[in-house]
Amino acid sequence: MLKLIKKGAEADIYLTTWNNKKTILKIRKRKEYRNKILDNRIRTLRTIREATIISDVKTFGVNTPIVYFVDQNKSEIYMQFVSGKLVKDLPEKMITKICKKIGRMVGILHKNGVMHGDLTTSNFILASDKLVMLDFGLAQRTEKTEDHAIDLRLFKEVLNSAHVGIVNQAWSSFLQGYGAVVGNSTKDRVVLHVQVIEKRGRYANVV
Amino acid sequence: MICLGIESTAHTFSCAIIEKRGKNGKILSDVRKIYRPPEGEGIHPREASRHHAEHSPQVLSECLEKADVKITDLDLVSYAAGPGLGPCLRIGAVVARSLSSYYGVPVYPVNHALGHIELGKMLTGAKDPLVLLVSGGHTMILAFLGKRWRVFGETLDITLGQLLDQIGRHAGFASPCGNKIEELASKSSNYEPLPYVVKGNDVSFSGLLSATKRIIPKGLEIACFSLQETAFSMIGEAVERALSFTGKKEFLVVGGVAANKRLSEILQSICDRHDCKFFVSPKEYSGDCGSQISWVGLLEASKKAGSKLEDTFVRQSWRLDTVEISY
């Protein structure tokens, strides 16, 4: 059985079975438009990185799908199927509440020197009893404030564009959860750095 | 309604006249004069503004003549109030204010970036697209939501246009260098690895710029080819991410770099993969022009009155996502 359930930006997600278990197969297919050398480099690197980090972060207590099998040559990862709803598709009130949990999770990652790299509301699944974090293709081991701030900035950008109605509540709820884990002084430092990055943006209010 | 639009944000001084009937616009004339810096150099704001000031009377009268319109026939005047180079912006604003106060025509300050998008929509017929705006001043992925264009991804440092221009200037060409780079790139197919930086929906080009300069000794064609492949793939990935996140079924690319064929090819192939309709603004109107300013002026005039003269400032830093849209 192989059923396409999502054509993502950089990978296709299939539903299949692995040892009789419902399984997600993530394939980073070759992109015709991309130069072959560049394409191979990106796909291999991200597959290995995702598979490694998705397992590593479990030891910090972050919920992620279990990796069953990795095929480096085909850029394929077989992983646990998590049933639930994407946070992006939940009602706004729920999203605001869950942002605190997301903040806490991101805090745990950062505290342990990992950045997620693609923090959007479609990379979290609310399963029956827990929140599960997905998609570690752009994740990185890093202790740098700059990198941690990039995670926060992206999440803020997503709230600002896709969840306009709740952006302020959701953002402060996120920061509450984040601060509870990393401590207020670290939180303030990272948030301040988010502003530094925003100021680098084109035509940001610098005058 | 007939509107004169004046564009002077950077190297182009342009006047254009558009007639709007119902929801349709017809470009009656669009005259441009482009400031060319010496080879290997970029735009000098003072020199560019001097160029604009010297050529503005001629461009304006040629524009009226071509459209067969008298100044007294104009219903409104709009000018690009930002973002852009201060000295250049002021020239356009002065022309607009003079016409407005002397002839008593309502005046509308317009956001330049918004002009690229709205003109692109008008000319291609796209209704609700995800937009990629790529020019010397912008690299942004946007979608319209709740009265504003929201940014779904953008460059964290320099723009795609700046990246190409700076490599071009480094190699001794005059800005804008996009054409020259495209031409050189088409002569090679040797890819040299360069840094590929996508951060979520955002991209960063500064590292790519330095690394490309370093590989120029291996051959300018190789460098241009590798640069285009890397930079455009980065943009492509950011677009794919935004497409799959927003689920939009239309995609529009506008701005000076939209004229690049290789970029179009990449974006087209992405749209095919996502069952999305692909629109690219016509080459003639993808770069800076008066039409984009005129069209936004007309759209705004359909909902609100012109600005008071004392409110007709220019704003060098004016982000598109701060503009509230009423039409």
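Five strands of chain B form an open sheet of mixed pairing, in the order β3-β2-β1-β4-β5; strands pair if DSSP finds at least two bridges between them. Helices (H or I, at least four residues) and strands (E, at least two) are DSSP runs numbered from the N terminus. The model is predicted: local features need pLDDT of at least 70, side-chain atom pairs count only at pLDDT 80 or more, and totals for chains, interfaces and linings use all residues. Residues are numbered from 1 along each chain as its sequence is written, while chains are lettered from A and ligands numbered from 1 in the order in which they are written.

**Sheet of chain B**
- β3 (24–34) and β5 (107–111) of chain B stand at the edges with a single partner strand each, so one side of each lacks a neighbour in the sheet.
- Neighbouring strands are turned by 20° against each other on average, direction ignored; axes are lines fitted to C-alpha atoms, for helices over the stretch in contact, and angles run from 0 to 180 degrees between N-to-C directions.
- Strand β4 (residues 76–82) of chain B runs parallel to β5(B), joined to it by five bridges, and Ala80(B) stands opposite Val110(B) in β5(B).

**Helices on the sheet**
- Helix α1 (residues 45–67) of chain B packs on the sheet, touching β2 (12–21) and β3 of chain B, and its direction makes about 25° with that of β2(B).
- Helix α3 (residues 112–124) of chain B also packs there, touching β3, β4 and β5 of chain B, at about 90° to the direction of β5(B).

**Contact between chains**
- The contact takes 37 residues from chain B and 32 residues from chain A, where contact requires C-beta atoms, placed from the backbone, within 7 Å.
- On the side of chain B that touches chain A, the largest share, nine residues, comes from α7(B).

Technical notes. Two residues are in contact if their C-beta atoms, placed from the backbone, lie within 7 Å.
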